[in-house]
Amino acid sequence: MVEVRLDSVSFRYGRKQVLRDVTWCITPGVTGLLGENGAGKSTLMSILVGMRRPRSGHVSLGGSSETPRVGFVPQRFTTPGEMRLIDTISYAAWLNGVDRRATAPAAQRALEAVDLGGRSHERVRTLSGGQRQRLGVAAGLAHDPDVLVLDEPTVGLDPSQRLRVREVLTALGGKRTVLLSTHVLDDVQFLCHRVGVLAGGTIAFDGTVDELTSALAQPNHPGNGLESALERGYRTFMDTLGDDR
Ligand SMILES: Nc1ncnc2c1ncn2[C@@H]1O[C@H](COP(=O)(O)OP(=O)(O)OP(=O)(O)O)[C@@H](O)[C@H]1O
């Protein structure tokens, strides 16, 4: 099992400072990353997977694996409609360093993990939105990464597709370090053992979902009666940050 550590990571786009001295440890299991639009979640994830270099600070992966592998499922990806699922995922596996002869079995395993194993010879264009999302997860998974990072994996899915993706991610979190960003607090509630809240360029909260729910939730906080305890806790926490975020 692999742990991901960010040490004093800072990043800016031109003059816009997005991350300030972020220090955070992401442990095995599923961790959620929350934060308002533009808080810097995607930026943090792209640094974590090595797509962007921090201006200062560093990211390290430590644990039982000597050469930890990282998989990434971006927020938006294009799916080649005419390709078969197995070829798409074999290609992703090859891009991620899997030996050419091992790509097809690796792709089949990844498709099975996301419950698309029976459709491996169908074309991508025959998939629904939720199935495409799962195909994206398979692409991030085919090289059997120790760390899997997913940027808003349930966005745009209907409730039953969202449940299916959640089940897949829960199973993956059993033996990996999974980090996912989301705006859906239900996802966090059902999926995550820990949660980080990115605000004001730093990890303003790092703890368990229960801690975010109960330690910060104020029963008297005005709500609409429909929001969950976690939603109240998150909103209360964000209120405490005031204009700093
Ligand atoms: N390539 C870029 N060049 C300049 N500014 C950028 C770039 N990408 C993102 N930003 C800015 O950096 C900030 C953080 O963006 P980022 O996409 O990381 O946030 P986010 O938390 O993932 O947002 P969302 O929840 O909307 O996906 C935003 O203000 C955004 O406008």
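User: Which hand does the crossing of H2 and H4 have, and how do I read that?

Analyst: A crossing counts as left-handed if the near helix is turned anticlockwise from the far one by less than a right angle, and as right-handed if clockwise. In this predicted model, H2 and H4 cross in the right-handed sense. Helices here are DSSP runs of H or I with at least four residues, strands are runs of E with at least two, and both are numbered from the N terminus. Residue numbers start from 1 along each chain as its sequence is written. Because the model is predicted, local features need pLDDT of at least 70 and side-chain atom pairs count only at pLDDT 80 or more, while totals for chains, interfaces and linings use all residues.

User: At what angle do helix H2 and helix H4 pack?

Analyst: Two packed helices are described by the angle between their axes and the distance between the axes. Helix H2 (residues 85-95) and helix H4 (residues 129-141) pack at about 35°, with axes 8 Å apart. Axes are lines fitted to C-alpha atoms, for helices over the stretch in contact, and angles run from 0 to 180 degrees between N-to-C directions.

User: Which residues of H2 and H4 meet?

Analyst: Contact is defined by C-beta atoms, placed from the backbone, that lie within 7 Å. From H2 come Leu85, Thr88, Ile89 and Ala92, and from H4 come Leu135, Ala138 and Ala139. By class, this contact has 6 nonpolar, 1 polar and no charged residues. Ala, Val, Leu, Ile, Met, Phe, Trp, Tyr, Cys and Pro count as nonpolar, Asp, Glu, Lys and Arg as charged, and the others, Gly among them, as polar.

User: How is the protein divided into domains?

Analyst: The bounds come from an automatic or database domain assignment. Domain 1 covers 2-68 + 146-244, and domain 2 covers 77-144. Their centres, taken over C-alpha atoms, are 26 Å apart. Across the boundary, 9 residues of domain 1 are in contact with 10 residues of domain 2. On the domain 1 side, strand E6 (147-151) and helix H5 (159-173) give two or more residues each; H5 gives the most, with 4 residues.

User: And which elements supply the shell around the ligand?

Analyst: A residue is near a molecule if its C-beta atom, placed from the backbone, lies within 6 Å of it. Strand E2 (16-26) and helix H1 (41-48) each supply at least two residues, and H1 gives the most, with 3 residues. Among the residues around the ligand are Tyr13, Lys16, Lys41 and Ser42. By class, the shell has 3 nonpolar, 6 polar and 2 charged residues.

How values were computed:
Contact = placed C-beta atoms within 7 Å.
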